[in-house]
Amino acid sequence: MFLWVIQRDLLLAMRQRADVLTTLFFFIIVVSLFPLGVGPEINMLRSMAPGVVWVAALLASMLSLERMFSSDYLDGTLEQMLLSPQPLSLLVLGKALAHWLVTGVPLVLIAPILGIQFNLSTDALLILAVSLLLGTPVLSLIGAIGAALTLGLRGGGVLVSLLVLPLYIPVLIFGAGAVEASSAGLVASAHLSLLGAFLLASLVLAPWAAAAALRISIE
Amino acid sequence: MLKVSDLECVRGERSLFKDVNFSIEAGEFMQVNGPNGSGKTSLLRMLCGLSMPAHGEIRWCGNAIRSLDEEYHNSITYLGHLNGVKDNLSALENLRISSALAGNEIDENKAYNALQRMGLGGREILPVKILSQGQRRRVTLARLLVCSTVLWILDEPLVALDSAAVMLVQSILEQHLEKGGMIVMTTHQDINVAAVVTKRLQLN
Amino acid sequence: MAINWFKYSSPASFYSLAGKLTPLFSITAFILFVVGLYISFFVAPTDFQQSEAYRIIFIHVPVAWMSMFLYLIMAGWAAIGLAFNTRLSSMIATAIAPTGAMFTFLALWTGALWGKPMWGAWWVWDARLTSELILLFLYIGFMALQAAIDDPRRADKAGAILALVGVVNIPIIYFSVKWWNTLHQGATVSLTQSPKMATTMLTGMLIMSLACWMYSIALVLMRTRTIILERERHTVWVSELQGAA
């Protein structure tokens, strides 16, 4: 059943590839805008790169949050999911995982290429990819709570950013921090372990909170 | 089996209905009537546990449905006024996925047969978005053919259906009742379901 | 003598109780503010390092305390409302949010006023200031979510979940910001005062905190009364109230 949810959402994403690509291109464009805004000075860009890529990843992941539940809500399939004999939190976990596979994984794959634009070292590029790999699922999981809370509200898309962006801050700090540490020649393992801890904590808590939020929103 | 006592529904500041009492046993059919806005859909959603009554209690086999929760979901099938089908998936995919989500995995053959019986033969693998409203409704109703639940809660199942399909649905419902199933439904259309006991609930 | 506290959990009786208590808290708050401000400005000695500018801490510190306390209290009431389905608790939570947000904003503002002469800048990315800013975002998120939901029951519950998620996150956020701060700035500019704080200064600060508490309680009671009236406007007791007035 858990697998059915993931399979279904991936199938739907395949049928609407444009949505997936929009998020990815948004990410690429935002990252590419920064050098144009602050100038092409290579050392400054290198020191900015971790923050820029991570902020762009936050925004890109958030951009697609509204879709996580709203289309299912509008056509009545979400109602059916709530009536499933499986625990709702498991189902939410499946949907968050599918969201990550569709929006997070492409970011992880493309980020090292964008890092090259900022002249990051090979080590830093690797750490960037690893930090995104650990951090983006947390974004999807926390985002699920926001998406569930704002389900069906007018202006839900803007509202969801107001709710989840402050909660994304720890991920941003340690995600970008890991890459910075690595470019400064330090060990990034402490940052990465903390990101891993966030991931575990949100895997346990977020689906539960999001499920409670969904029940409230659909009532 | 299903017992409802002193149910009250409040929407905003208005009380839609109160002091609703009824019970349904195996093989019984209940039709909920009432004008638009009388709370028919709200009542059915409460029976599923999707929304909480302002007052009163709903019991299934003696236990409050709130405490049963997921266990209760194993015994019911709810078809709402929304079809609950995905436009970008085919009829076959929709049926298999919605059944699986309801805890009832079915193989392709079974799904094919059900769709065939609903008169969708030859359209199984078309995306649902190119089907007509009535055909989409048939995709939704095909779930009734494959599910093994006892209590069916149907909100306007006949909307957009032609007369042949209405006859078909009627026979499906009758079969379910014969097997000892229970049905609660709303409809504005005339349908004569033969049942051992037919109850009517009037909301206004 | 046993007082039946549950009596006051019904909006109608709470409404009249709050009406009686509000003036009491308002007057206490006023007196405490006057005394506190007098001590802060005229009695407390001038700091030899920071001269007169330090006096802003008499407002800044109590206000910053309040901003954090109120978030916890708000989340607490919201959680009670969610768990026990008590309408009044949720209403109190909703009533606390604007006051909490105002204190957070004041803390940031007074922090900036203090920072200019001390650090030479209106804003520094100090760990506490940054966390306070994020706290303000959390308050705004809570209020925005409740404002966007028309059905008060759903607004109460959704707000409660958000507040609770916020409470779980606040320590993590604070810890992250602190880490980030030490990582980037080396030694942090510390807000802590010299260990031997003059007794008059401490007294002034405590009186000001107490004044802020009284003010918050008075304001929350008033706002809860308004929310009760708004939500129960169709009930019998409210129309009786109107008839009597």
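**Strands and sheet in chain B**

Mentor: This is a predicted model. In chain B, five strands make an open sheet with parallel pairing, in the order β6-β7-β8-β3-β9.

Trainee: What makes β6 and β9 of chain B the edge strands?
Mentor: β6 (76-79) and β9 (197-202) each pair on one side only. Neighbouring strands of this sheet are turned by 15 degrees against each other on average, direction ignored.

Trainee: How do you know that β3 and β8 of chain B pair?
Mentor: Pairing needs at least two bridges. Four bridges join β3 (residues 28-33) to β8 (residues 182-186) in chain B, so the two count as paired, and they run parallel. B:Val32 stands opposite B:Thr186 in β8(B).

Trainee: What makes you say that helix α1 of chain B packs on the sheet?
Mentor: Contact means heavy atoms within 4.5 Å. Helix α1 (residues 40-48) of chain B touches β3, β6, β7 (151-155), β8 and β9 of chain B. The direction of α1 makes about 155 degrees with that of β7(B). Helix α7 (residues 163-178) of chain B also packs on the sheet, touching β3, β7 and β8 of chain B.

Trainee: Why do β4 and β5 of chain B count as paired?
Mentor: Two bridges link β4(B) and β5 (residues 63-64) in the antiparallel sense, and the cut-off is at least two, so they pair. One bridge partner of this kind is B:Ala64 in β5(B), for B:Arg59. β4(B) and β5(B) form a hairpin with two residues between them. B:Cys61 in the turn has a positive phi of about 50 degrees.

Key:
Residues are numbered from 1 along each chain as its sequence is written. Chains are lettered from A and ligands numbered from 1 in the order in which they are written. This is a predicted model: local features need pLDDT of at least 70, side-chain atom pairs count only at pLDDT 80 or more; totals for chains, interfaces and linings use all residues. Side-chain values use heavy atoms; hydrogens and water are left out. Axes are lines fitted to C-alpha atoms, for helices over the stretch in contact, and angles run from 0 to 180 degrees between N-to-C directions.
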